[in-house]
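Visitor: I would like to take a close look at a single part of this model and follow its surroundings with some care. Please guide me through it slowly.

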Amino acid sequence: MAIEPDPHLSMVRPVAPRSPEGCEECLRLGSPWVHLRLCLTCGHVGCCDSSPLKHARAHAYADQHPIVEPMEPGETWRWCYAHEAMA
């Protein structure tokens, strides 16, 4: 059985982090975060699901931009929030 590529990968664009210093929403709110996720459609930087406010997930659903990658050095995976799976 062949594994089909995630159809949301077509939404991936060359992006630069809009707020490389941290989670956009957490910076405005003064809230802490654990890890950062970069939206590969628009460059939004949000906090991961281990963070109190889970802004990366909220952005993925609100803006329908499901594919993210970590902003931690050396990490190269991608995640699809729509499929809850590696992309």
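Which residues does Trp 79 touch, not counting residues up to four places away in sequence?

Guide: In this predicted model, Trp 79 touches Pro 66, Ile 67 and Val 68, and it also touches Glu 84, Ala 85, Met 86 and Ala 87, when residues up to four places away in sequence are not counted. Trp 79 itself has its place in strand 4, residues 79-80, and one of its contacts, Val 68, is eleven residues apart from Trp 79 in sequence while the two C-alpha atoms are 5.4 Å apart in space. Trp 79 counts as partly exposed because its relative accessible area is 22%, and the cut-off for a buried residue is under 20%.

Among the residues that Trp 79 touches, Glu 84 leads on to another part of the chain. Glu 84 forms a salt bridge with Arg 57, in which the closest N and O atoms are 2.6 Å apart, and this pair links distant parts of the chain, since Glu 84 sits in the loop between strand 4 and strand 5 (85-86) whereas Arg 57 belongs to helix 2, 27 residues apart. Glu 84 is partly exposed, at 38% relative accessibility. Salt bridges with shared partners join Asp 49, Arg 57 and Glu 84 into one network; within it, the side chains of Asp 49 and Arg 57 meet at 2.6 Å, N to O, and Asp 49 is partly exposed at 29% relative accessibility.

Arg 57, for its part, lies in helix 2, which spans residues 55-63, and with residues up to four places away left out it touches Asp 49, Tyr 81 and Glu 84. Arg 57 is one of the buried residues of helix 2, together with His 55, Ala 56, His 59 and Ala 60, and what covers these buried residues includes helix 1 (24-29), strand 1 (36-39) and strand 2 (45-47). After helix 2 comes Gln 64, whose phi is positive, near 55°.

Gly 74, found in the loop between strand 3 (67-70) and strand 4, is by contrast exposed, with a relative accessible area of 77%.

Note on methods:
Residues numbered from 1 in each chain as written. Predicted model: local features only at pLDDT ≥ 70, side-chain atom pairs only at ≥ 80, totals over all residues. Heavy atoms only, no water. Helix = DSSP H or I, 4+ residues; strand = E, 2+ residues; numbered from the N terminus. Contact = heavy atoms within 4.5 Å. Buried < 20%, exposed > 50% of the residue type's maximum accessible area, 1.4 Å probe, protein only. Salt bridge = Lys/Arg side-chain N within 4 Å of Asp/Glu carboxyl O.
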